[in-house]
Amino acid sequence: MDALLDVRNLRVELPGSQGTVHAVRGLDFQVKRGEMLCLVGESGCGKSMTSLALMGLLPRAAVRSADRLEFDGVDLRGLSPRQMQDLRGNRMAMIFQEPMTSLNPAYTVGNQLCEALRRHRPATRAQARDRAVYLLERAGVPHAPERLRQYPHQLSGGLRQRVMIAMALMCEPSLIIADEPTTALDVTIQAQILRLIRELQTEFGTAVVFITHDLGVVARIADRVAVMYAGEIVETAPVGQLYAQPSHPYTQGLLSCIPVRGRTPPGSRLAAIPGVVPSLVDGIDGCAFRNRCAQARAACAQTPPQVACGTGHIVRCVAVSRALRETRESTV
Amino acid sequence: MTEAQDVVLELRSVSRHYPLKRGLFREPGLIKAVDDVSLRLYRGETLGLVGESGCGKSTLARMLLGLLAPTSGSVLLDGRKVDAQSRLALARRIQPIFQDPYSSLNPRKTVAQIVGLPLYLHGVGAPAERRKTVAAMLELVGLPPRMHDRYPGQLSGGQRQRVAIARALILRPSIVVCDEPTSALDVSVQAQILNLLLDLKAEMGLTYLFISHDLGVVEHLVDRVAVMRQGRIVELESRERLFAAPAHPYTRMLLASALTPEPGLGIPDITKEITA
Amino acid sequence: MTVQISAASASTSAGLAALPNESAWRRRWRRFAGGRGLRLGALLLAVIALAALLAPWLAPHDPYAQDVAHRLIPPVWSSKGSWLHVLGTDKLGRDYLSRLLYGARVSLGIGLAAGAIAGVIGTTMGVLAGYFGGRVDAVISYVITTRLAMPVILVALAMSALIGGSVRVVILLLGLLLWDRFAVVSRSATQQFRHADFVSAARALGGSDAYILLREILPNLSSALTVVMTLEVAHAILLEATLSFLGLGVQPPTPSWGLMVAEGKAYMFFQPWIIMIPGIALAVLVLAINLLGDGLRDAAAPEGRG
């Protein structure tokens, strides 16, 4: 079990004015060393909550629980806030969506980069500066030494994101959690940043949990994909398999409602998923997707089983489990 | 696309410049948000306008709607200059749908009040009639009656966009300027809204100017595409030709950056496109 | 680098479908009734307002009726007091409770009237400056700056000394001096909304500037302006008390809490209730208004961003 990150039955509950919101309802997933796992889902599915839960950055009122929450052999559940602080930015780093607000506008770029290193390692200012310049150059920032003296508002969105990536790498973390890092960027810049993340990941051997809602991005950068819906992972698969053989009805619906050049006839109606996401207040019994699913049946009111339908391909669905059983029985 | 087709909207050498003060002693600079753009919109078509942030597409849209005056050039609606027409007359011909479903609806008004506003402003019908027209329009966009007295804060993004669409169409305009109408929505909701826009176009005989940065969506909806960069239109072509064989290097770069959901193709190296 | 997202925004995005069809008023009421400071402030203010309103029926005596034979009787809790005059009598034998109740009318009345006038003036100026910008904004901002450079109390004193004090003069004076915060707040709020898409949509629909200002932007300013109103009403009440105390505001024999404090100065050591009772009343009133204002500010969040 060479998993860098091992999560079993992760739950996050938030008290709300209408009742308790079950934002994350029993997540199971693993991340291997050096692997790129994409966590994909639409708004409200709990993917951001998951990243905050892993980093220990949930709002104070939130309640996190898990059967297993291990990172590099360390049980995250038992760590004090101080110990989590030592871990964050050091062995586990995070890249956020909005580079304008995640970089402190009052400090120079160099100051923030060096602080990221010196907070965790006994480096001198000169050593920190050298590493900062090195990483900025690797991140494709031109004139790196001069950039150290600039403030975030003097940089474009793409450059700021490169700075964020460099900052995340300062302490050579084994895991980076990237929460929609390219969503706010222009399409051409996005492509460059994604390419950069991929290259750096291969070079430094860092594992990445890449959170996004964009299935196009997922297809191009992921090694494995976990599809989230209403606080749960409904399907996990290697990227090729997910797109070739999507098994969960939600994944299928999601993939078929995106217009794809060459596949969707222009001007035709898109295959939209009917209905809306159910409320997560006070939890959901059974399958959260069943009121929108064409294949729903009575058994879906019970918690759907997890079935394997291929190597590393796991689906949480009653219909899929039935279909597999039937195929198995018919071949016997 | 023959010349005999109606030109419903035309831009002739339209520019929008902003002076940039550069200190006390230097000449003021110029920001050319829109730079000498000429464009024709034909009746019944969907014209796509693509470009990245800062390219001027939103400024262009505002000039089309009469919300912003060009610094030079003219905007013609049905052959007549836009600034010669009254605000109300313009409103009956061309309407917008904006990107942000949160800021495009007044948070202090109910859905029914928002959709009924155009009728009220234009003095169309008695209050009882207006209520019926509003109800019919809301049904057309897929909002059930129980939503009518809700406030925007109680609606989801997709529902708000439906309200915005209902408001835009209740006066039966012929041209709708859609400024990134689905960019802020989830993919599954986007599909619903795009379907709605297609249905309404067919049913009401509309002409769309569809602004977006999402090339997949644009290719699905439009007849022709205009590519905008730094205030200028760099390429204007039919959909088939643009996507099959883009001529301008910037268009090629844009198309290369569009990540289709096809695994195994990796991430394209844009820098190669720039030099190509 | 610690990033916290509020529990509220997280829970709303997940639980949106569960929100029942509540009108905006219900929700505002729920939040309004929520805070403790708010409830206390509202309660105190309600009591005072009621007392002021019902003074003609609640007052046991005529506040102007002098009875020099029974002057300076202490309140009922002192050994020499009686239930005939619950709060005692002042130097001219007038029943203090009645004067207190009628004084509430004067204080609150002047405060609200001056606040209303200041509100209308300030909001109009601020909204016009914020919406039109350019020259209009430059001129109005200049006027606001000029007003801010003036020490309000001195100007009020000087004007009052010139014209002579009375209830009408005080209201007018305060109304013409206290509009600055209204102007500043409404100007910045209008500047924010000016660029909102729903304003562009209203213009694209053919809405005139007047329509947009009155029916689209102004309703969105109401929560911010309510908070300013409570602050300025409190401000006006205190200013009126100051002016009356100095003899330049409400003139005797009209009962004003400020005037009552002034009249009690001479009797501070041996008949302390004459100065204490109106003083405490003033303090309670201002406290109530500030609690209310604070509570309203907390409750005045926008109608949920989904």
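**View 1. The six-stranded sheet of chain B.** Two strands pair if DSSP finds at least two bridges between them. With that in mind, here's the sheet in this predicted model: six strands of chain B sit in the order S6-S7-S8-S3-S9-S10, making an open sheet with mixed pairing. At the edges you'll find strand S6 (94-97) and strand S10 (232-238) of chain B, each of which pairs on one side only. On average, and ignoring direction, neighbouring strands of this sheet are turned by 20 degrees against each other.

**View 2. Zooming in on S9 and S10 of chain B.** Strand S9 (residues 224-229) of chain B runs antiparallel to S10(B), and six bridges join the two. To get your bearings along S10(B), look for Glu237(B), which stands opposite Val225(B).

**View 3. Where chain B meets chain A.** This contact takes 34 residues from chain B and 37 residues from chain A. On the side of chain B that touches chain A, at least two residues each come from helix H6 (187-204), helix H7 (215-221), helix H8 (239-244) and H9 of chain B. H6(B) has the largest share of that side, at seven residues. Sorted by class, the side of chain B that touches chain A has 16 nonpolar, 12 polar and six charged residues.

**View 4. Where chain C meets chain B.** Chain C puts 23 residues into this contact, and chain B puts in 28 residues. Which elements give two or more residues to the side of chain C that touches chain B? They're helix H10 (197-204) and helix H11 (209-245) of chain C. The most comes from H10(C), with seven residues. By class, the side of chain C that touches chain B splits into 11 nonpolar, seven polar and five charged residues.

**View 5. Tyr120(B) and its surroundings.** Tyr120(B) belongs to helix H3 (residues 111-121) of chain B. Why does Tyr120(B) count as partly exposed? Because it has 16 C-beta neighbours inside 10 Å, and a residue needs 20 or more to be buried and 12 or fewer to be exposed. Also in this view is Arg130(B): 10 residues from Tyr120(B) in sequence, with the two C-alpha atoms 8.1 Å apart in space.

Notes: Residues numbered from 1 in each chain as written. Chains lettered and ligands numbered in written order. Predicted model: local features only at pLDDT ≥ 70, side-chain atom pairs only at ≥ 80, totals over all residues. Contact = placed C-beta atoms within 7 Å. Helix = DSSP H or I, 4+ residues; strand = E, 2+ residues; numbered from the N terminus. Nonpolar A, V, L, I, M, F, W, Y, C, P; charged D, E, K, R; others polar. Axes fitted to C-alpha atoms, helices over the stretch in contact; angles between N-to-C directions.
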